[in-house]
Amino acid sequence: MKKRAYHKINSKRIRKLSKQIFSAHKSRNSIVIIAVVLATFMLTAVFSIGFNYVETSQLQQIRTMGTTAHVAINNPSDEQTAELETIDMVKKVGRSQHLGQMDDLEDDDLKLGLNWIDEQEWELHRQPTVSDVVGNYPAAKNEVMMPTWILESLGISDPKVGRVIPLSYHLDGANVVETREFVLAGYYTDYSQVRTNDKGSIYASEAFKEEADLATGNVAMVSFEDGENIQSRCEQLQETLGFGPEQSFEIVPVTQGNNQTLIAAVVCVILFIFISSYLLIYIILYINVVRDIRFYGQLRLIGFTKREVRKIVHQQILFITMIGIPIGLVLGAVVSLGIVPYSLTMLYSGNSEVEMQVSFSPLIFIGAAVFAFVTARMGCIKPAGMAAQVSPISAMAYNEVTTKNLHKRKNKRFSPKSMAFQNI
């Protein structure tokens, strides 16, 4: 009990002394605080740009592809589709069918297909790639759903749910062009036309599909538990399901190389900031310890142990980080509000039709704060150790300026530049 009480009293004494030392050296500490603020600010900006770039890149990839599925399996049987849902490595399965093609379009370059997808395919694979969804997926035989860019191509700039739209089409395998008045059940903003060059889909209801009664054009859209080794997983599915001669799979081409390159670049920048900040904090604290070396020797003389002296230096950096890190985070957040959108605009200037994803996750600020704190703590390890090793006798005999470092006096006139150089 006595030992515990002693440690408690001793900790209070160290904390009180550390506060007094901190208050007595405000000008010196302000330099270290600025270093911590800069480190935190730079880390926050780098984390923000990197985090948002990766998110935007992933979002743009799935939006331009028009699906989050990994592979499309052509002409699956009902038994194969049911078996797909029981395979462990398969996460989601959706069904789609190409029913026909739209005719009598004013724009000859516009290629529109008439397709059907089931509820799982719409909710799991297609809806995450679009935005601004208004209405619902069609249920009645005469209902359709289409993206806004197709509606604009048809001359409808202000769509309304329930609007009647006459469309001409022919079903697969039929040469007869039919014209029917469809009701707009829903519409949304689509981005896949950026990749397909004005090729898109108008979605029909399941009732329309059953009426068409087509045996061709069926596709099973499959997404795996993770996006690694898609080719080998598809080959496993091919063996498991027993593909027929008219069956094949098509992998959705989503490229991840840019993300890996960017992550490597962000890591390099973070390491550069980490090392630079560490060296800056270390040098400033080292100079402070050298200047106060007599003081630390006196602490040893009156009974402070090496561990206690080390704690005093560590306590100083704790006070500094408590001030510097919040200021750096606030500055980083304020500046990032302008830097991040501008940076993403510059990076994606060639793909402006696809929207950007700008968000500020708490992980960004937590990561920046942790990195800045670790940097500051590492920067004070050696100076704290040096202060702890000072003996009372050597501290009393210490002289900052030695005769070895003195230049021989010359008869030349001193200039401010030469004086500054000698001081350095």
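Me: Which side chain does D118 meet in a salt bridge?
Reply: D118 meets the side chain of R95, with a distance of 3.6 Å from N to O. Keep in mind that this is a predicted model.

Me: Where do D118 and R95 sit in the chain?
Reply: D118 is in the loop between β3 and α4, while R95 is in strand β2. The two are 23 residues apart, and the pair links distant parts of the chain.

Me: Is D118 buried or exposed?
Reply: D118 is buried, because its relative accessible area is 11% and the cut-off for buried is under 20%.

Me: And what about R95, how does that one count?
Reply: R95 counts as partly exposed, at 33% relative accessibility.

Me: How many salt bridges does the count come to?
Reply: The count comes to four salt bridges.

Me: Which residue forms a salt bridge with K141?
Reply: E211 does, and the closest N and O atoms of K141 and E211 are 3.3 Å apart.

Me: What parts does that pair tie together?
Reply: K141 lies in the loop between β4 (131-135) and β5 (143-147), and E211 lies in helix α7 (residues 206-212), so the pair ties together parts that are 70 residues apart in sequence.

Me: Which residues are linked in a network, then?
Reply: K141, R180 and E211 are linked in a network of salt bridges.

Me: How exposed are K141, R180 and E211?
Reply: K141 is partly exposed, with a relative accessible area of 40%. E211 is partly exposed, with a relative accessible area of 40%. R180 is partly exposed as well, at 23%.

Me: What about β2 and β6?
Reply: β2 pairs with strand β6 (residues 164-171) in the antiparallel sense, over four bridges. There, G100 stands opposite L171 in β6.

Me: New topic, pockets. What volume does the largest pocket have?
Reply: The largest pocket has a volume of about 840 Å³.

Me: What lines the largest pocket?
Reply: It is lined by 36 residues, and M65, N115, R126, R195 and S201 lie nearest its centre. Several elements give two or more residues to the lining, including β1 (71-74), β2 (90-103), β3 (111-117) and α4 (119-126).

Me: Which element gives the largest share of that lining?
Reply: That is β3, which gives six residues to the lining of the largest pocket.

Me: And by class? How many nonpolar, polar and charged residues are in the lining of the largest pocket?
Reply: The lining of the largest pocket has 15 nonpolar, 15 polar and six charged residues.

Me: OK, cavities. How many of 30 Å³ or more does a search of the whole structure find?
Reply: The search finds one cavity of 30 Å³ or more. The volume of the largest cavity is about 160 Å³.

Me: Which residues lie nearest the centre of the largest cavity?
Reply: N29, N288, D292, Y296 and Q316 do, out of 13 residues that line the largest cavity.

Me: Which elements give two or more residues to the lining of the largest cavity?
Reply: They are α1 (2-24), α2 (26-65), α9 (257-291) and α11 (306-347). By class, the lining of the largest cavity has seven nonpolar, four polar and two charged residues.

Me: Last bit, the whole chain. How many helices and strands?
Reply: The chain has 15 helices and ten strands.

Me: How much of the chain counts as buried?
Reply: Of its 424 residues, 43% count as buried.

Me: And what share of the contacts with a separation of 6 or more comes from residues 24 or more positions apart?
Reply: Residues 24 or more positions apart account for 81% of those contacts in the chain.

Notes
Residues numbered from 1 in each chain as written. Predicted model: local features only at pLDDT ≥ 70, side-chain atom pairs only at ≥ 80, totals over all residues. Heavy atoms only, no water. 1 Å grid on protein atoms, 1.4 Å probe; cavity = no way out; pocket = protein on both sides within 12 Å on 5 of 7 lines; lining within 4 Å. Points joined across faces, edges and corners; volume = space filled by probe spheres on them. Nonpolar A, V, L, I, M, F, W, Y, C, P; charged D, E, K, R; others polar. Buried < 20%, exposed > 50% of the residue type's maximum accessible area, 1.4 Å probe, protein only. Pairing = 2+ DSSP bridges. Contact = heavy atoms within 4.5 Å.
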